[in-house]
Amino acid sequence: MKKTLLFFLFCLSLAAAAQSPFDKKTKAVYIFNVSQNKLLTDYQSPTPKTFSLREYGKSWQDFMLFELTTLNEATGESVLYSTYTEQYMNVPANGYVGTADVDGRSILTITDTEDGHKLIKQGESIVTIMKNGFFHMLVAYNPATFSSWGKMEESTWDFVEPDDLETYLIAHGIDPNDDPYVDPVDPVDPVDPVVTEKTFEELQALISEAHETLRKIEGIDIIPEGLITSPEQFLSDFSDSEEGTDFSYLIDTDYSTFWHSDWHGEAPEDTPHSFVVRLPEGYHGLEFCAQYTGRLDGNNCAPVEMKVYGGNTASPDLELPDNIAWQSEPFAELGVMDGLGAYAGWGHSSDPELLSGNFLFTADDYYDALKFEVINTITDSGYGAEPCFAYSEFQLYTTAVEPGFVPSYDKDAAATVRELIGEAASLDKSDDPSEMYKLLEEALAALHPEGIATPNALKEGYGQGTAYDLTGRRLTSSPARRADSFPNRGEREGFHGLIIQAGRKVLR
């Protein structure tokens with residue numbers, strides 16, 4: 001009997017040891033954002049391991065279920081655990097709320113608001129939402145930035161236990177059987193998928209070709225020796241505390257690494273983000289080409305407008321920052337027509353060629369350093385949504401005009417190409433790029449001395465009568481202009497000699 005009792009007590013002690021210390025304090029909950037009437041989930045968020053809001057869907061109930069463990073009932077200290085990803089919530093001081101294992105989890109303070117909802121904080125940081133493209137991402141702002149970015153009405157939550165879910169949904173105008181994540185079995189009016197002739201990837205490749213063509217017809221050569229050979233040539237007051245700590249990523253030819261300007265709100269406010277490149281000692285130049293690659297698989301925060309300033313090494317007695325005296329006015333202002341923002345705004349890509357571009361600029365004097373100040377960016381949320389920017393690669397080159405080169409191209413056609421580049425970059429990712437591709441392709445053909453396709457859709461006067469000499473210079477733009485230019489020969493024979501017309505060599 002005594003042995004039996006001891007065995008029973010031993011088993012009881014083992015069972016007690018196996019139990020979680022939070023068993024009586026943990027409960028399953030669904031978490032609704034009050035302002036959006038949407039559920040919190042970290043399943044299939046726009047970026048890995050981050051939380052976002054989703055519409056309720058019956059098939060997604062398991063993905064949207066969390067475990068709330070109360071560590072201290074008096075203070076509201078708690079932790080949140082996702083039963084689907086088997087990860088805890090991690091809340092940074094400023095930035096996106098993400099997932100972590102048990103060692104990296106955040107101790108949250110969950111308290112009641114005056115109107116009966118919940119407030120989630122980690123220390124002084126308030127957990128709230130931020131629009132990111134089509135998603136509301138979960139972010140945390142400290143008191144210094146919450147007043148600028150956060151809204152209290154968007155930062156309150158309802159914790160709903162599974163037994164109360166149906167009642168809560170009905171009370172908030174949501175059908176408990178609704179499921180936007182399941183395709184209807186028999187749609188009444190099935191919509192055929194939109195099939196486009198050209199993709200944005202193809203359009204970006206054509207834009208890159210257009211920039212290259214414009215450079216070539218102007219006789220500009222890029223000297224293949226990069227001017228940036230050391231990360232110490234880079235300077236910035238705007239480097240991000242986590243992703244902007246290593247400038248070597250910009251010249252390591254590893255497209256998976258990147259440098260990012262500050263997105264934690266620690267940089268000086270109301271000041272455009274920038275970085276500086278010190279030019280090699282003893283180097284002087286005026287004509288430059290910048291080659292860049294955007295961030296792979298997250299081509300957000302891409303610069304689309306930029307100012308370039310020149311600076312020179314100053315006397316140490318002046319005690320200037322980094323010992324550089326900067327010109328007060330920029331010598332160049334650049335945009336997408338100059339080559340900025342490759343593939344920006346059209347989604348994410350893992351292809352570095354699509355995310356790469358170059359832009360040319362001319363300095364007004366000889367400088368020891370150049371400052372690239374980003375005035376506008378494009379993100380998943382659109383133009384100007386964020387001041388920060390990112391590059392995975394950035395290099396500077398000098399340029400030179402080919403010796404003895406004399407420009408002999410159609411200036412009007414070149415202007416049309418540049419105009420179309422700007423219009424193409426403004427397309428939304430929901431647009432069909434096919435027509436723009438066709439127009440740009442036709443405009444490019446007019447810049448080539450052979451194989452010209454007449455771009456009659458581009459502007460009035462670009463008809464089938466357009467003719468070019470063997471260097472690509474346009475001789476006429478329309479029959480009417482031919483008659484005006486050669487009144488003695490009439491409209492039919494306004495020119496003589498070997499020309500190119502409708503893409504063919506013609507002898508007149």
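Among contacts in the protein between residues at least 6 apart in sequence, what percentage join residues at least 24 apart? The figure is 66%, where contact means heavy atoms within 4.5 Å. Please keep in mind that this is a predicted model, in which local features need pLDDT of at least 70, side-chain atom pairs count only at pLDDT 80 or more, and totals for chains, interfaces and linings use all residues. Residues are numbered from 1 along each chain as its sequence is written, and side-chain values use heavy atoms, with hydrogens and water left out.

The protein has 7 helices and 30 strands (DSSP runs of H or I, at least four residues, and of E, at least two, numbered from the N terminus). Of its 508 residues, 45% are buried, meaning under 20% relative accessible area with a 1.4 Å probe, protein chains only.

Now turn to helix H5, residues 411-425. Its 15 residues should span 21 Å at 1.5 Å a residue, and the end C-alpha atoms are 21 Å apart, which agrees; the expected span is 1.5 Å times one less than the number of residues. Buried residues of H5 include Ala413, Val417, Leu420 and Ala424. Helix H4 (200-217), strand E24 (382-383) and helix H6 (434-445) are among the elements covering the buried residues of H5.

Finally, visit Lys371 in strand E23 (residues 369-379). Lys371 is buried yet has no salt bridge (a side-chain nitrogen of Lys or Arg within 4 Å of a carboxyl oxygen of Asp or Glu). The nearest side chain of opposite charge, Glu373, is 5.5 Å away. Leaving aside neighbours within four places in sequence, Lys371 is in contact with residues including Phe275, Tyr309 and Trp326.

Methods: Buried means under 20% relative accessible area, exposed over 50%, partly exposed in between (1.4 Å probe, protein chains only). Lys and Arg count as positive and Asp and Glu as negative; His and the chain ends are not counted.
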